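Please open the model in your viewer and keep the sequence panel beside it. The stops below are meant to be selected in turn.

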Amino acid sequence: MFKLIAYRGEEDCIYTGKINSGLYSVYAGGTRWQFRNFGIPDLLVSMRTGYRIEGWYDGGSIFVAVILVIAVSALSNFRQNRQFVKLSKVSNNIQVDIVRNGRRQQVSIFEIVVGDVVCLKIGDQVPADGLFIDGHSLLVDESSMTGESDHVKVDLTQNPFLFSGTKVADGFGRMLVTSVGMNTTWGEMMSTISNDSNEQTPLQSRLNTLTSSIGKVGLLVAFLVLVVLLIRYFTGNTQDENGNIEYNGTKTKADDIINSVVAIIAAAVTIVVVAIPEGLPLAVTLTLAYSMKRMMSDNAMVRNLSACETMGSATTICTDKTGTLTLNQMKVTKFWLGQEFVNENGSSSLAASVVELLHQGVGLNTTSSVYKSISGSKFEFTGSPTEKAILSWAVLELNLDMEGLKQSCETVHVEAFNSTKKRSGILMRKKGENTMSVHWKGAAEMVLAMCSNYYDVSGNIKVLDNFERKYFDQIIQGMAASSLRCIAFAHKQVPDQENEVGKIHIEENCLTLLGLVGLKDPCRQGVKKAVEECQYARVNVKMITGDNIFTARAIATECGILKPNQDMESGAVVKGVEFRNYTPGNEWRRLIKYA
């Protein structure tokens, strides 16, 4: 065991290692990193042999090579992990919707305290342990903790517990935080798990195989040379400098025999030393350190070298659309009521009954919220980008009063949005009335298929026949071709007696179409250039999306993934449902076929 201490700033970086194992540890600031370096034990054996055979020159050079390999590897890993820790603090700083002091707001996941009320929706990670307060159809994926793939239903009666680290699979709700940080179930479980990993990178594995093969060949040759030289010596076929036979049976002195055998063994060991590529670890380590420095200058932060090697071999990149290629900053830019386009300031010409239904369909069927201070005049919207865009449009353009709406209406049942249905619905009742109303909101093509009538600007209900349906399809496709996400609203009145207690079901047929809105999500700056650089490097870029196929085509064309005259069947754009069904067989080959 030996120890090498290098000081960097205010923290000390301590290296320890066992010569015979090739496993090394670096301690810095109370943190330990372990790594394997190929050829180090062989180099140290070579160094000791070099001292005995060639003096200080060979042994000293090997010693310098060992020190350089250890120092460069330790320093590279130390800097790499420090940078990764800084990056992790930024990437782990998730913004969470909470209710604190009666106001809904977004705070960092690190700022959540016991007593906060956290608002959860599909795709959210539960940030702390807590108790379910209210919500609808809340299903949680607890596979990260229990290993069970079945989703767990959370409600007030049978299972009100929510655990940190799990994910919301369906529905939405609110929970009261009861424990945070290492006091959660997830924190206690993580504290018992060791983070040490001795897994080798592909390059290290291949180089270890190479050095092992070279060592085996060297040992085999050295053994054969040793056997041949010993046979030649003891059979009297070797001569000294004067031409005399070195071994002459019992006439040869014991000291001469020992000296000759030691010389033969030294020659065999020399072959082993020469066969070991002592410069290989140094060359590889310096090359990887230089590569990491180049990548850091390009803002590419990678903790494990295996990830760099994997990305260096990548030929296809699959990317999401919303929030990756686009800014995920939605805004309603178009509104159709019936077959007429409504201008930005044309809401005053709409029938009052239609506006009231739109208020109900937007204000009650949403997971977003709006806040306005007593002194201030500016609204604050929280929630998902799509929900915020629609709610802000209703509040600012249609003069929606959320507080008044919630006081005058009661929500009876909720069907939460998910990626399969692509729509959400509510069953509501106005206080003091005997009838209920059904409101659906979701992907325009799916909501339109549920409708048999539609409202016009004057508030009249008209039949939605095949001709009218084709016209609405053209409107939806036109907005999608302009890279707009199209959302439809539909409504139906349902008498109270149709809904028995315990068997509440939201009607999905014979609805009346209220209107269509188009939401614009602009592309990120620099996306098109990045796609062009990938394509120039012969790396295929594919977009995976669950949006309308026409919207996906428009965004893909705008980003340069799809050429203007290129067909969607080429494979550059893949629907999410199709992608989830891919297997490591022919389907994956079809995915990478497009070039």
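In which loop is N101 found? Select N101, and you will see that this residue is found in the loop between β5 (95–100) and β6 (103–108), where helices (H or I, at least four residues) and strands (E, at least two) are DSSP runs numbered from the N terminus. Before going further, note that this is a predicted model, in which local features need pLDDT of at least 70 and side-chain atom pairs count only at pLDDT 80 or more, while totals for chains, interfaces and linings use all residues. Residues are numbered from 1 along each chain as its sequence is written, and side-chain values use heavy atoms, with hydrogens and water left out.

N101 is not a glycine, yet its phi is positive, at about 60 degrees. With a relative accessible area of 79%, N101 is exposed; here buried means under 20% relative accessible area, exposed over 50%, and partly exposed in between (1.4 Å probe, protein chains only). Now select N399, another residue other than glycine with a positive phi, near 60 degrees. N399 is placed in the loop between α10 (385–397) and α11 (402–408), and at 59% relative accessibility it counts as exposed.

Next, select residues 214–234, one of the spans that an unreviewed UniProt entry lists under "transmembrane region"; such annotations may be inferred rather than shown by experiment, and UniProt positions are given in the numbering used here, with feature names shortened. In the model this span is 100% helix and 0% strand, and its end C-alpha atoms lie 30 Å apart.

Stay there and show the side chains of Y233, F234 and Y247, which form one aromatic cluster. Rings of Phe, Tyr and Trp (its six-membered ring) pair if their centres lie within 6.5 Å, and planes under 30 degrees apart count as stacked, over 60 as edge-to-face and the rest as tilted. The whole structure has seven aromatic pairs. Among them, Y233 and Y247 make a tilted pair, 5.6 Å centre to centre with 50 degrees between the planes. This pair links Y233 in helix α5 (residues 202–234) with Y247 in the loop between α5 and α6 (254–275), 14 residues apart. Y233 is buried, with a relative accessible area of 1%, whereas Y247 is partly exposed at 22%. The rings of F234 and Y247 have centres 5.2 Å apart and planes at 70 degrees, so this pair is edge-to-face. F234 itself is partly exposed, at 40% relative accessibility.

Move on to helix α9 (residues 352–363), whose end C-alpha atoms are 16 Å apart, in agreement with the 16 Å that its twelve residues should span; the expected span is 1.5 Å times one less than the number of residues. Nine of the twelve residues of α9 are buried, including V354, L358 and V362.

For a charge over a ring (NZ of Lys or CZ of Arg within 6 Å of the ring centre and within 35 degrees of the ring normal), select R423 and W440: the charged end of R423 sits over the ring of W440, 5.3 Å from its centre.

Finally, select T512 in strand β23 (residues 511–520), which is buried with a relative accessible area of 9%.
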